[in-house]
Amino acid sequence: MSGRHEEAGEYLMVAAAVHARIDSTRIRSVEGMGFAAVREGPTLEATVALTAEAVGDLPEPPEGPIVAEHGEFYEEPAERVGLSFQPEFKYVESIGERETVQAAHHAAYAARDLLL
């Protein structure tokens, strides 16, 4: 997720979803990426909807869980956030998951820079 701060009087939030095959410590392969952008203020509802749109933009639906950092969804419990995602949702637990989330952050920042 990138752009949750106001800039020049407006927001441009960009989310990137990375479909990756991982093991416990690293990314083995990246199967695809999905992106979504919105010019809306950062609320929990807007962030969840934007993220779901980015996941929906993936070339293939993920087989495993959708993983994010706890702070991306305003410290809300995974059970609440997970109601908006399929197949399942959870917060980062392994190094491989953290690496995948970092890849998504870099992709979102780069996409946002291109759109500005």
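The protein chain carries 9 positive and 21 negative side chains. The centres of these two sets lie 5 Å apart. The model is predicted. The accessible surface of the protein chain comes to about 6600 Å². Carbon and sulfur atoms account for 51% of that surface.

The protein chain contains three helices and four strands. Along the sequence these elements follow the pattern β-β-α-β-α-β-α. The radius of gyration is 13 Å, close to the 13 Å that the globule rule gives for 116 residues, so the protein chain is as compact as a globular protein of that length. The C-alpha trace spans about 40 × 30 × 25 Å along its principal axes. Of the 116 residues, 40% count as buried. Contacts across the sequence were also examined. Among those between residues at least 6 apart in sequence, 60% join residues at least 24 apart.

The largest nonpolar core holds 20 residues. Within this core, Leu50, Phe73, Val81, Phe85, Phe89 and Tyr91 touch the most other members. Five elements each supply at least two residues of the core: strand 1 (13–22), helix 1 (44–56), strand 3 (66–68), helix 2 (78–81) and strand 4 (89–91). Helix 1 gives the largest share, six residues. Phe89 touches Ile66, Ala68, Phe73, Ala78, Val81 and Gly82, with residues up to four places away in sequence not counted.

Ser2 lies in the segment before strand 1. Its relative accessible area is 4%, under the 20% limit, so Ser2 is buried. Residues up to four places away in sequence aside, Ser2 touches Leu12, Met13, Val14, Ala108, Tyr109 and Arg112.

Val55 is found in helix 1. The residue counts as buried because its relative accessibility is 13%, under the 20% limit. Beyond its neighbours within four places in sequence, Val55 is in contact with Ala17, Pro62 and Ile66. Val55 and Ala17 are 38 residues apart in sequence. Their C-alpha atoms are 5.4 Å apart in space.

The loop between strand 3 and helix 2 was examined next. Glu72 has its place in this loop. Glu72 has a relative accessibility of 13%, under 20%, and therefore counts as buried. Leaving aside neighbours within four places in sequence, the contacts of Glu72 are Met1, Arg4, Thr47 and His105. Tyr74 lies in the loop between strand 3 and helix 2 as well. Tyr74 is not a glycine, although its phi is positive, at about 55°. With a relative accessibility of 33%, between the limits of 20% and 50%, Tyr74 counts as partly exposed. Glu75 is also placed in the loop between strand 3 and helix 2. Phi of Glu75 is near 65°, again a positive value in a residue other than glycine.

The loop between helix 2 and strand 4 includes Leu83. The relative accessibility of Leu83 is 72%, over the 50% limit, so this residue counts as exposed. Leu83 and Val48 are 35 residues apart along the chain. Their C-alpha atoms are separated by 9.9 Å. Pro87 is found in the loop between helix 2 and strand 4 too. The peptide bond from Gln86 to Pro87 is cis. Omega for this bond is near 10°.

Conventions: Residues numbered from 1 in each chain as written. Predicted model: local features only at pLDDT ≥ 70, side-chain atom pairs only at ≥ 80, totals over all residues. Heavy atoms only, no water. Core = buried A, V, L, I, M, F, W, Y, C linked by side-chain atoms within 4.5 Å. Buried < 20%, exposed > 50% of the residue type's maximum accessible area, 1.4 Å probe, protein only. Contact = heavy atoms within 4.5 Å. Rg over C-alpha atoms; globule rule 2.2 N^0.38 Å. Areas by Shrake-Rupley, 256 points an atom, 1.4 Å probe, with all protein chains shown as cover. Lys, Arg positive; Asp, Glu negative; His and termini not counted. Charge placed at Lys NZ, Arg CZ, Asp CG, Glu CD.
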